[in-house]
Amino acid sequence: MPTNDNNPLRHLPQIEQVLSHPSMTCIAAAFTHEQLTGVARAAVDTARTRIREGVCTNPDIDDIALDAANRALLFLKPSLRRVVNASGVIIHTNLGRSVLAKSAQQAVADCVSGYSTLEYDTQTQQRGSRHAHCERLICALTGAEAAIAVNNNAAAVMMVLTEFAAEHEAVVSRGELVEIGGSFRIPDIMALSHARMVEVGTTNKTHVSDYERALTKDTAMLLKVHPSNYRLIGFTEAVDIHGLRRLADQHNAAGGNTETLVYEDQGSGAFAHLDCFGTYAEPTVAESLKAGADLVSFSGDKLLGGPQAGIIVGKRELIQRLKDHPLARALRLDKMTLAALEATLRIYLEPEVALTEIPTLRMLCEPVEETRKRAQALMDALEKALPKRCAELALTDEIARAGGGALPMCDIPTVCVQVTFLVGDAQKCERFLAAENNTPIVVRLKHEQILLDARTLVDDDEMDIMVAGFRTYFEKLDS
Ligand SMILES: *Cc1c(COP(=O)(O)O)cnc(C)c1O
């Protein structure tokens, strides 16, 4: 039977004790009393939880006060900050997907440093529409009649299903009931939007006749979902947009309660045909519209290479219904995103320029010899800065990935700087570069070596950041 004194919970310090500990008093000038009390309480709570879970049996005031002080200091440090991506995953969802083109960065800066024309028509001096800024460009680039951009593609899918398929039937192939990542699954979005999902076909094969049998008077939509992050290979069959269009036309001609629409959730949203990928190239938005889709939706920050957004293109009267929907207000874009999106779209007016100016497209399509030059420059800089006894450096041919659910089967040839550790080790260095370096550096680990992929590097100063990061890691080993 433990006595009270053996109960470690009784040894937890009072909040006042934590506040008067030197770790806290030395930072006290930078914070209010409420802020300090808040972090002290959080640190004591954490210690209590650790005792209850049996992780800690002997709470130490020094540790708790240091934890509290670190919590306070974290307030001063940006949590969302720039990262050097040396991983070779181009549309890296965890690292913010697409890097904005220079002109898009500038457009954001310009529009937030003062007031803007967000909803102001300079010609009439009347209220304007925020939807107008990007619509003309999107239409010019895709051949669509009309367009609307919302918060992201998940929001776009939700809006389309809610407006056009709620309380009606939406037919979708079992091969396309995908999970995109996180909590975005097609069956769940269907349920959320009150569309009645009608599954047809099998996982690997869906025929025109499968859709045909599913059509009823109440079919509001034939939905096609781009599988994005995986590919079915082998004994497979799917019906393309042409096929769905023909079916919808026949069905609509026969007359029903609701018009049957063809909607494609394209996911990636390619504007440019990426010839560098040959048969892996994704269909462009223009191609899906031309093939007969009434509506197509896609992301702004995947293959398009712009800011986070979801873009819906299609028939004018359908897009108008979306603009009038209450969800359009709830899911609308802010001025920073609109500025970045408009500037990104403008670059596509010259497709050749887009391939070099839009970082995502540059990374996807750059000839490997260009990547090799960048890798060589990085290796030279590292070689100059690091003592010979620390590491061996070499260039190695590797495979980069598109990421972001685009081009999943596509091997993109790339060149990495391979770091072999003569002192220290790769895992610990990886951890240091990500967790302790001022600008986190995300690398690849392979066989006890670190690989620095030159394809996903953005600016020249990233080389300096990496050189400094490695140098600091090796210096810390010495001290
Ligand atoms: C990525 C993706 C989505 C979600 O798009 P977000 O812009 O991330 O919201 C939806 N559908 C498909 C097919 C996708 O690939």
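Trainee: How far is the polar side-chain atom of Lys 302 from an oxygen atom of the ligand?
Mentor: The distance is 2.8 Å in this structure, which is a predicted model.

Trainee: And what is the distance for the polar side-chain atom of Ser 299?
Mentor: Ser 299 places a polar side-chain atom 2.6 Å from an oxygen atom of the ligand. The backbone takes part as well: a polar backbone atom of Asn 153 is 3.0 Å from a ligand oxygen.

Trainee: How much of the ligand does the protein bury?
Mentor: The protein buries 95% of the 380 Å² that the ligand exposes when taken alone.

Trainee: Which elements give two or more residues to that shell?
Mentor: They are helix H7, residues 153-165, and strand E11, residues 261-267. The residues around the ligand include Asn 153 and Ala 154, and also Asp 265 and Gly 267. Others among them are Arg 97, Phe 184 and His 226.

Trainee: How does the shell divide by class?
Mentor: It has 3 nonpolar, 6 polar and 3 charged residues.

Trainee: Changing topic, where is Thr 258?
Mentor: Thr 258 sits in the loop between helix H10, residues 241-254, and E11.

Trainee: What does it touch, leaving out residues up to four places away in sequence?
Mentor: Thr 258 touches His 168, Lys 217, Asp 218, Thr 219, Ala 220 and Asn 252. Take Lys 217 as one of these: it is 41 residues from Thr 258 in sequence, yet their C-alpha atoms are 6.9 Å apart in space. A polar atom of the Thr 258 side chain also lies 3.4 Å from the backbone oxygen of Lys 217.

Trainee: Now the helices. At what angle do H5 and H14 pack?
Mentor: H5, residues 102-112, and H14, residues 335-347, pack at about 145°, and their axes are 8 Å apart. Their crossing is right-handed.

Trainee: Which residues make that contact?
Mentor: From H5 they include Ala 104, Ala 107 and Val 108. H14 contributes residues including Ala 339, Ala 340 and Ala 343. By class, the contact of H5 with H14 has 10 nonpolar, 2 polar and 1 charged residue.

Trainee: And what about H17 with H19, what angle and axis distance there?
Mentor: Helix H17, residues 368-385, packs against helix H19, residues 461-478, at about 35°, with the axes 10 Å apart. H17 passes H19 in a right-handed crossing.

Trainee: Which residues meet there?
Mentor: On the H17 side, Arg 374, Ala 377, Leu 378, Ala 381, Leu 382 and Ala 385 take part. They meet Met 463, Met 466, Val 467, Phe 470 and Arg 471 in H19. The contact of H17 with H19 holds 9 nonpolar and 2 charged residues, with no polar ones.

Notes. Residues numbered from 1 in each chain as written. Predicted model: local features only at pLDDT ≥ 70, side-chain atom pairs only at ≥ 80, totals over all residues. Heavy atoms only, no water. Near = heavy atom within 4 Å. Polar contact = N/O pair within 3.5 Å; in protein donor to acceptor, adjacent residues only side chain to side chain. Areas by Shrake-Rupley, 256 points an atom, 1.4 Å probe, with all protein chains shown as cover. Helix = DSSP H or I, 4+ residues; strand = E, 2+ residues; numbered from the N terminus. Nonpolar A, V, L, I, M, F, W, Y, C, P; charged D, E, K, R; others polar. Axes fitted to C-alpha atoms, helices over the stretch in contact; angles between N-to-C directions. Left-handed = near helix turned anticlockwise from the far one by under 90°. Contact = heavy atoms within 4.5 Å.
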